[in-house]
Amino acid sequence: MNTSYTPSSIAGVLDTPTRKEGGKTIFEHLHEWATTVDHKKLGIMYIVYGLIFFLVGGVEASLMRLQLARPDNHFIGPQLFNQLFTMHGTTMVFLVGMPIIFGFANYLVPLMIGARDLAFPRLNSFGFWLSVMGGLILYFSIIGGMGMTGAGSMPDVGWFAYAPLTGKAFSRGNSTDYWTIGVLVGGFGSIATAINILTTIVCLRCEGMTLMKMPLFVWLSLVVSGMVLLAIGPLTAAQIMLLLDRYLGAHFFDTQAGGSAVLWQHFFWIFGHPEVYILIIPGFAIASEIIPVFSRKAIFGYPVMVGATVAIAFVSFGVWAHHMFTVGMTSIGNTFFVISTMLVGVPTGIKLFNWIATMWGGKIRLATPMLFCIAFLFQFLIAGLTGIMLAVAPFDWQLSDSYFVVAHFHFVLVGSLLFTIFAGIYYWFPKVTGRMLSEKLGKWHFWLFFIGFHVTFDTMHVPGLLGMPRRIYTYEASRGWGTLNLICTLGVAIQAVGILCFVANILWSLRSGKRAGRDPWDAWTLEWGTTSPPPEFNFSKSPVVKSRRPLWDIKHPSDPDWKYE
Amino acid sequence: MSTATIALTSEQSASNPNRGRVGMFSLIAAESAIFTIFVVAYLFYLGQSLSGPTPQQVLRLPILNSVCLISSSLTIMFALRALGNGARGAFLLWWAATIALGGYFLIGTGIEWKRLIYSEGLTIQTNLFGTTFYSLVGLHAFHVLVGLVMLLIVLLLALAGAVKKEHTARAEILSLYWHFVDAIWIVVFTVVYVIGR
């Protein structure tokens, strides 16, 4: 708070009597946050925005689980159930996953490379507010989706919105348009931010930080930004086509005029599968920072980690049709996508082994961030193994669109991404706020969420194998899926209590957490070299680095890393 | 890391590439992905229309249009060279010529569309050819329009005397976008008027 900024240009408007002695009024704070171009404030806003929608998406999931808890339940009708799974999927991918990963990159990349801000600070603000706009448009459908024709409210076409369900004939009213435009606008925001992060990493690294001396978090952010640039385009193009179909009467996905419904699937998954890696690679990035610090060892196989990430990114653009085995492709097409999908397992496996090798022989500290990371390793392995199973086309023919698939990708997005996001929040919260999160509440959060997660999602594989399709709003008692579904729903309740611990921890620690100081974890990357929270300009002097662990070099002048790298 | 005076030197060390160029190339990569999908859709639906008119019946080669747009890539290069040499008059002339050539291209596209819609009865609703043709060519024309607006802003600033020699690098970044729009036209021309006709 060393600035004395007042929005004096609008004299009188913001003059409110609630001004505290020496402080700012609430309007001045709001004005400051709304107009900021500071990467740290935007990073925090991205993450808060994502966490708020995480709670919304979580409530939607809980409602669905309540409905499925017992057979022949009529707590929620089929129409609302369709809307809930559509909104849950869209929210968690576009309004939770993307904002939070961009928030982490926004906040950390400039600090880690010794820069003062991103390359284009105003573009950064633009990207963030576009993302917010996208979210608001999507949720405005609740009141605006009735439209002129009086049909529908929230979109109910599923998060991948297959044609021809999205055609005018089958999706009346405006709810599908809110989905399309919301996702489209959010996509523009993502492209803007990806351009920004990529340019920052290429152009603004401090002296001595060659590409191979960047922290792995920065490397992985670079790869993710490149993937966002190439993957969001197909989605944008497909959404424009859908809008043309719906508003101007074009025939892209109109099967009656010779259009192809399968083409939408191709376009969507050309975006959709790289998107999975766009979401999970930031999880890898967080784990790659935390695991070394809490094992007291440098990361094992740094160049291989970089290479494996680039390989995953490359292969991920050639696997999309493994979402479409049941469509009926040629055997050559099937074979290609089976092989390419299995190929992803190789670099991913390398990464898992490297993280384990980093821990091997280390002095492991089981603080909350590390607990989440260890759970991530274990859960990501299972996610990968069920992924390999689903990559086998005949196996997929049996289980596509079943709860087995749902369990598989929740192991990726919850068991892996969300766990690393929690790890990252526990790890960097002290840097962002200057206060530690409570370890006690953190451990409660971890264990409750860990147990709840496994109760829900381990169990969920089984009804899938027994033939329970996804997206059904209820099922007959004679199917015998009742007990399993009840267990899944009970797990959600345990997870919810864990999330409550997390929220309580944040709120309590913001006020009364232990003071963190610059470097509470005895870490090695540049962000821990500045104050907590960092000043607006990050570093008073641009740092000069000689190795991948600049703070190690400062702390151990007699045995610096650059002698060995 | 004490609170010493903030050194307001450039954050970019000499070895790092220009951030504007990197940013523009990133944008071009993202745009290319969007265009790729529209081109794929065009090729995928080639000859799939259930009714006429077909491309063979109604499309004519827009030779003059294409020559104009491609040559505007040359004129913008000349304009930048003049700006780098501090030759204000030549810069204004070449820059205005670029806008004129780009503008002619848009007008030419408009005339072509008018003929197709009113004489040939081809709209975006007619068949798959109409759907893919208007969306691909229209997406490109939209990019030309955006480029023209930006070129025009620079022209107005230049007429006001605000564009000087030291702004060459920035104007060059805008020219990258313009070259990209021209390059995309070569792809669209090949796909729509050569392969698809």
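# Report on chains A and B

In this predicted model, chain A has a radius of gyration of 24 Å, which agrees with the value near 24 Å that a compact globule of 565 residues would have. Along the principal axes, the C-alpha atoms of chain A fill a box of roughly 70 × 65 × 40 Å. The secondary structure of chain A consists of 15 helices and zero strands. Of its 565 residues, 52% count as buried. Among the contacts in chain A that link residues at least 6 apart in sequence, 80% join residues at least 24 apart.

## A helix with a bend

Helix α12 of chain A covers residues 403-433 and bends by about 40 degrees at Tyr427(A). A proline, Pro430(A), follows within four residues of that position. Just after α12(A) comes Gly434(A), which takes a positive phi of about 85 degrees.

## A buried tyrosine

Where does Tyr46(A) lie? Tyr46(A) is found in helix α2 of chain A, which comprises residues 39-68. Is Tyr46(A) buried or exposed? Tyr46(A) counts as buried because it has 26 C-beta neighbours inside 10 Å, and the cut-off for a buried residue is 20 or more.

Once neighbours within four places in sequence are left aside, Tyr46(A) is in contact with Pro99(A), Ile100(A), Phe102(A), Gly103(A), Asn106(A) and Phe128(A). Tyr46(A) may also be located relative to Leu279(A): the two residues are 233 residues apart in sequence, and their C-alpha atoms are 15 Å apart in space.

## Where chain B meets chain A

The contact between the chains involves 33 residues of chain B and 40 residues of chain A. On the side of chain B that touches chain A, α1 (19-44) and α5 (128-159) of chain B each supply at least two residues. The largest share of this side, 13 residues, comes from α1(B). The table divides the residues of the side of chain B that touches chain A by class.

| Class of residue, chain B side | Number |
|---|---|
| Nonpolar | 18 residues |
| Polar | 13 residues |
| Charged | two residues |

## Summary

Chain A is built with 15 helices and zero strands. Within chain A, α12(A) bends at Tyr427(A), and Tyr46(A) in helix α2 counts as buried. Chain B touches chain A through 33 of its residues, with the largest share coming from α1(B).

Conventions:
Residues numbered from 1 in each chain as written. Chains lettered and ligands numbered in written order. Predicted model: local features only at pLDDT ≥ 70, side-chain atom pairs only at ≥ 80, totals over all residues. Contact = placed C-beta atoms within 7 Å. Nonpolar A, V, L, I, M, F, W, Y, C, P; charged D, E, K, R; others polar. Bend = angle between axes of the 7 residues up to and from the residue. Buried ≥ 20, exposed ≤ 12 C-beta atoms within 10 Å, placed from the backbone. Rg over C-alpha atoms; globule rule 2.2 N^0.38 Å.
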